[in-house]
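Here is a friendly walk through the model shown below. Keep the viewer open as you read, and pick out each residue as it comes up.

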Amino acid sequence: MTPFTYARAHDAGEAVRLGGEHAAKYLGGGTNLVDLLRETIEHPLSLIDVTGLSNAIEEREDGSLLIGAATRNTALASHRAVRARYPMLSRAVVAGASAQIRNMATVGGNILQRTRCTYFYDVDGSRCNKRNPGQGCDAIDGFNRIHAILGASSACVASHPSDMCVALTALGATVHLRSARGERTLPMTDVHRLPEDHPEIETLLESGELITAVELPPLPLAARSTYRKVRDRASYAFALVSVAAALALEGDTVKDVRLALGGVAHKPWRAWKAEAALKGRRATPESFRAAAEAELADAAPLRDNAFKVELAKRTIVAVL
């Protein structure tokens with residue numbers, strides 16, 4: 001492990017000041033970053049502990065929720081307002097990891113966790129453009145059962161591991177950021193990027209930028225939502241396919257819908273095509289299937305993961 005310095009920030013201002021130092025990383029629960037340090041994938045010269053930042057979940061007058069970035073996943077999943085008004089988020093968090101990890105992991109850290117691609121973690125034996133740009137991608141012709149079927153490139157076929165981020169994407173969440181340059185917000189759909197020719201650049205966050213909060217919009221249809229994760233075993237496994245969905249009906253017609261997929265792309269995948277195909281249509285298994293077909297029309301499966309295409313379609317239909 002590369003030697004590093006450690007400092008504990010007491011507020012966001014101190015954190016971004018310290019985070020401006022060369023090669024600094026922000027440390028939340030450490031449930032992913034510490035693993036990356038041990039595997040010598042990450043090499044920060046400085047760690048800034050941000051667990052002292054806000055962990056409050058604020059219910060606002062307009063019906064939105066403001067979730068502090070240091071909020072533990074367990075607290076998020078069990079919060080009364082989250083369970084009642086955004087059940088897909090609560091269920092996604094619970095599906096995401098063991099109780100011990102949820103007790104440690106933070107909302108901000110969950111958003112920034114990195115892929116669990118086997119080749120990414122195989123430092124000594126595999127080529128990985130995400131770990132070493134320009135090296136190549138052994139996953140493309142290797143064992144790629146868990147990898148992406150949407151939005152991948154010739155440089156990287158890794159999939160994003162988060163469950164929580166899939167629900168946040170479906171809900172249209174906004175991520176609040178702070179740096180020495182000031183404050184700004186990003187829609188959750190824009191936080192992560194597709195690999196293209198630079199899979200090592202995973203988000204649109206700038207150097208030294210800190211996630212301070214996540215905002216959930218007032219969204220009445222989210223009260224009628226759920227999350228389903230399809231995986232190889234019942235506990236502590238990453239999704240082969242997951243679906244977060246919210247549905248509002250007017251009679252038997254789809255008035256509004258939110259849909260996002262996990263386990264299928266380099267980022268949480270907002271199913272814009274499926275949403276457009278459903279609005280104004282009757283809520284039937286046939287219309288759900290047609291919407292799923294539209295969303296997966298551009299899927300480009302690899303040798304070992306072609307099953308994900310049909311699995312995603314069936315899961316979309318079942319969840320809706």
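Let us begin with accessibility: buried means under 20% relative accessible area, exposed means over 50%, and partly exposed is what lies in between (1.4 Å probe, protein chains only). This is a predicted model, in which local features need pLDDT of at least 70 and side-chain atom pairs count only at pLDDT 80 or more, while totals for chains, interfaces and linings use all residues. Residues are numbered from 1 along each chain as its sequence is written, and side-chain values use heavy atoms, with hydrogens and water left out.

At 33% relative accessibility, Thr-40 counts as partly exposed. Most residues other than glycine have a negative phi.

**The overall fold**

The protein has 13 helices and twelve strands. Its radius of gyration, taken over C-alpha atoms, is 19 Å, close to the 20 Å that the globule rule (2.2 Å times the number of residues to the power 0.38) gives for 320 residues, so the protein is as compact as a globular protein of that length. Along the principal axes, the C-alpha atoms fill a box of roughly 60 × 50 × 35 Å. Of the 320 residues, 53% count as buried. Taking contact to mean heavy atoms within 4.5 Å, residues 24 or more positions apart account for 62% of the contacts with a separation of 6 or more.

**The nonpolar cores**

A nonpolar core is a set of buried Ala, Val, Leu, Ile, Met, Phe, Trp, Tyr and Cys residues joined through side-chain atoms within 4.5 Å. The largest one holds 41 residues, and those touching the most other members are Leu-76, Leu-89, Ile-111, Met-164, Leu-168 and Leu-216. Helix H9 (residues 164–171) gives the most to this core, with seven residues. Apart from it lies another core, of 26 residues, including Leu-296, Val-309, Ala-312 and Ile-316.

Which residues does Leu-89 contact, leaving aside neighbours within four places in sequence? They are Leu-76, Val-82, Met-164, Ala-167, Leu-168, Leu-171 and Leu-216. Leu-89 is also one of the buried residues of helix H5. That helix (residues 87–96) is mostly covered, with seven of its ten residues buried.

**Helix H13**

Helix H13 (residues 307–319) has 13 residues and reaches 18 Å from its first C-alpha to its last, close to the 18 Å expected at 1.5 Å a residue, where the expected span is 1.5 Å times one less than the number of residues. Its buried residues are Lys-308, Val-309, Ala-312, Lys-313, Thr-315, Ile-316 and Val-319. Seen down the axis of H13, they fall within an arc of 165° (from the directions from the helix axis to the C-beta atoms), so they line one face of the helix. Their cover includes strands E9 (225–230), E10 (241–250) and E11 (253–262), together with helix H12 (285–296).

**A buried loop residue**

Leu-53 lies in the loop between E3 and strand E4 (57–59). At 11% relative accessibility, Leu-53 counts as buried. Not counting residues up to four places away in sequence, Leu-53 touches Ala-9, Asp-11, Ala-12, Ala-70 and Leu-210.

How values were computed
Helices (H or I, at least four residues) and strands (E, at least two) are DSSP runs, numbered from the N terminus.
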